[in-house]
Amino acid sequence: MTRVVESVAPDFGERLHWEKIVTKEMKGALRYGELSKSIGRPAPVPSIFVNGRLVFEQTPSREELEGFLKKLIV
């Protein structure tokens, strides 16, 4: 999923901030816990959250993600 985000992110420049959560690291594990709590179940891996909301539970195509972000950002 990271590859899809990395392929789309440059198109949005500074208007898009994203981060990869690595659950093997303490900071990532804590963030994963927060996200899981926010949706009332373990967050799917991989997944994409936007502004704290789960929007993709499976890897979207580049076009899908780009379309979603354009509606949200542009």
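Figure 1. Helix H2, which takes in residues 26-39, has 14 residues and reaches 20 Å from its first C-alpha to its last, close to the 20 Å expected at 1.5 Å a residue; the expected span of a helix is 1.5 Å times one less than its number of residues. The names of helices and strands used in these legends refer to DSSP runs numbered from the N terminus, where a helix is a run of H or I with at least four residues and a strand is a run of E with at least two. The view is taken from a predicted model, in which local features need pLDDT of at least 70 and side-chain atom pairs count only at pLDDT 80 or more, while totals for chains, interfaces and linings use all residues. Residues are numbered from 1 along each chain as its sequence is written, and side-chain values use heavy atoms, with hydrogens and water left out.

Within H2, the residues Gly28, Leu35 and Ser36 are buried, where buried means under 20% relative accessible area, exposed means over 50%, and partly exposed lies in between, with a 1.4 Å probe and protein chains only. Seen down the axis of H2, the buried residues fall within an arc of 100°, so they line one face of the helix; the arc is that of the directions from the helix axis to the C-beta atoms. The face turned away from this buried side carries the exposed residues Met26, Lys27, Leu30 and Lys37. Strand S1, residues 48-50, is included in what covers the buried residues of H2.

Figure 2. Ser36 has its place in helix H2 and is buried, with a relative accessible area of 9%. When its neighbours within four places in sequence are left aside, Ser36 is in contact with Arg41, Pro42 and Ala43, contact meaning heavy atoms within 4.5 Å. H2 itself is followed by Gly40, a residue whose phi is positive, near 75°.

Figure 3. Pro46 is found in the loop between H2 and S1, and a cis peptide bond, with omega about 0°, joins Val45 and Pro46. Asn51 lies in the loop between S1 and S2, and its phi is positive, about 50°, although Asn51 is not a glycine. At 76% relative accessibility, Asn51 counts as exposed.

**Figure 4. Helix H3 and what covers it.** H3 has twelve residues and reaches 16 Å from its first C-alpha to its last, close to the 16 Å expected at 1.5 Å a residue. Leu65, Glu66 and Leu69 are buried in this helix. Seen down the axis of H3, these buried residues fall within an arc of 95°, so they line one face of the helix. On the other side of H3, Glu63 and Lys71 are exposed. What covers the buried residues of H3 includes H1, S1 and strand S2, residues 53-56.

Figure 5. Glu66 lies in helix H3 and, at 17% relative accessibility, counts as buried. Apart from its neighbours within four places in sequence, Glu66 is in contact with Val8, Asp11 and Phe12. Leu72 is also found in helix H3, but Leu72 is partly exposed, with a relative accessible area of 44%. The C-alpha atoms of Leu72 and Leu30, which are 42 residues apart along the chain, are separated by 27 Å. Phe56 is found in strand S2 and counts as buried at 12% relative accessibility. Leaving aside neighbours within four places in sequence, the contacts of Phe56 are Ser47, Ile48, Glu64, Leu65 and Phe68.

Figure 6. The largest pocket has a volume of about 950 Å³. On a 1 Å grid over the protein atoms alone, a pocket is an open set of points where a 1.4 Å probe fits, with protein on both sides within 12 Å along at least five of seven lines, and lining residues have an atom within 4 Å of a point. Grid points are joined across faces, edges and corners, and a volume is the space filled by probe spheres set on the points. The lining has 30 residues, of which Glu19, Lys20, Ser47, Ile48 and Phe49 lie nearest the centre of the pocket. Helix H1 (2-8), H2, S1 and helix H3 (62-73) each supply at least two residues of this lining, and its largest share, four residues, comes from H3.
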